[in-house]
Amino acid sequence: MKENPRVFVSDGMDGLARRAGRDLLAPLRVAADCRVWPQARPPAPEDLREALAEAEGVLCLLTDILDAELLAGCPDLRVISSISVGVDHIDLDAATARGIVVGNTPGVLTETTADLAFALLLAAGRRV
């Protein structure tokens, strides 16, 4: 029987899960052997390096820096999925050279950014 891939999740998304009233990682837990970072603070670079040493996938945040040096220490890593619009925190050249697929969440902040811009325009117009 084939083992599920090992995936490291750098944030448990506890706050979002409480508001949603469900385990947001449940679909991932069915398909993968998930290891979730247990602390409220993001993992330090050395903690991230250790957690990814045997991982095949990572679900990370913008605060997790995945540079060439870190990726070199992750021989089994095949997928990086970032819960962010941008991927500036990921060394795309190093990931591409290693055949690591990188995904992100484009467009998730488009409406929110527009709403904030409009609210700021109204506040400035009303001298709030």
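This is a predicted model: local features need pLDDT of at least 70, side-chain atom pairs count only at pLDDT 80 or more; totals for chains, interfaces and linings use all residues.
Colleague: Which residues touch the most other members in the largest nonpolar core?
Modeller: This core has 18 residues. The elements that give two or more residues to it are α3 (45-52), β3 (57-60), α4 (68-72) and α5. Those that touch the most other members are Phe8, Leu52, Val58, Leu66, Leu71 and Ile80.

Colleague: Which element gives the largest share of this core?
Modeller: Elements giving two or more residues include α3 and β3. The largest share is three residues, and the element that supplies them is α3.

Colleague: With which residues is valine 58 in contact, leaving aside its neighbours within four places in sequence?
Modeller: Valine 58 is one of the core residues that touch the most other members. Leaving aside neighbours within four places in sequence, its contacts are Val7, Phe8, Leu52, Leu66, Leu77, Val79, Ile80 and Ser81.

Colleague: How many residues are in the other core, which lies apart from it?
Modeller: Among the members of this other core are Val9, Met13, Leu25 and Ala32. Its residues number seven.

Colleague: Is serine 10 buried or exposed?
Modeller: Serine 10 is found in the loop between β1 (6-9) and α1 (14-20). Residues under 20% relative accessible area count as buried. Serine 10 has 3%, so the word for it is buried.

Colleague: Which side chain does serine 10 join in a polar contact of 2.4 Å?
Modeller: Not counting residues up to four places away in sequence, serine 10 touches Trp37, Pro43, Leu59, Cys60, Leu61 and Asp64. The polar contact is between side chains, and the partner of serine 10 is aspartate 64.

Colleague: Where are the two residues of the salt bridge between aspartate 76 and arginine 6?
Modeller: Their side chains meet at 3.2 Å, N to O. The pair links distant parts of the chain, 70 residues apart. Aspartate 76 is in the loop between α4 and β4, and arginine 6 is in strand β1.

Colleague: Which residues are linked with Arg6 in a network of salt bridges?
Modeller: The structure holds five salt bridges. One of them joins arginine 6 to aspartate 76. The residues linked with Arg6 in the network are Glu56 and Asp76.

Colleague: Why does glutamate 69 count as exposed?
Modeller: Glutamate 69, in helix α4, pairs with arginine 49, in helix α3. Their side chains meet in a salt bridge of 4.0 Å, N to O. Exposed means over 50% relative accessible area. Glutamate 69 counts as exposed because its relative accessibility is 58%.

Colleague: What is the phi of arginine 127?
Modeller: Arginine 127 is in the segment after α6 (110-125). Arginine 127 is exposed, with a relative accessible area of 78%. Its phi is positive although it is not a glycine, at about 55°.

Colleague: Which residues make the nonpolar surface patch with Val85?
Modeller: Valine 85 lies in the loop between β4 (79-82) and α5 (92-97). Valine 85 is partly exposed, at 36% relative accessible area. The patch covers about 240 Å², and Val85 makes it together with Val108 and Leu109.

Colleague: What distance separates the C-alpha atoms of glycine 86 and alanine 20?
Modeller: Glycine 86 is in the loop between β4 and α5. Alanine 20 is 66 residues from glycine 86 along the chain. Their C-alpha atoms are separated by 24 Å.

Conventions. Residues are numbered from 1 along each chain as its sequence is written. Side-chain values use heavy atoms; hydrogens and water are left out. Patches are made of residues with over 30% relative accessible area and no salt bridge: like charges are joined within 9 Å, nonpolar side chains (Val, Leu, Ile, Met, Phe, Trp, Tyr) within 5 Å. Accessible areas come from the Shrake-Rupley method with a 1.4 Å probe; for residues, only the protein chains shown count as cover. Helices (H or I, at least four residues) and strands (E, at least two) are DSSP runs, numbered from the N terminus. Buried means under 20% relative accessible area, exposed over 50%, partly exposed in between (1.4 Å probe, protein chains only). A nonpolar core is a set of buried Ala, Val, Leu, Ile, Met, Phe, Trp, Tyr and Cys residues joined through side-chain atoms within 4.5 Å. Contact means heavy atoms within 4.5 Å. A polar contact is a pair of N or O atoms within 3.5 Å; within protein, one must be able to donate a hydrogen and the other to accept it, and residues adjacent in sequence count only if both atoms are side-chain atoms.
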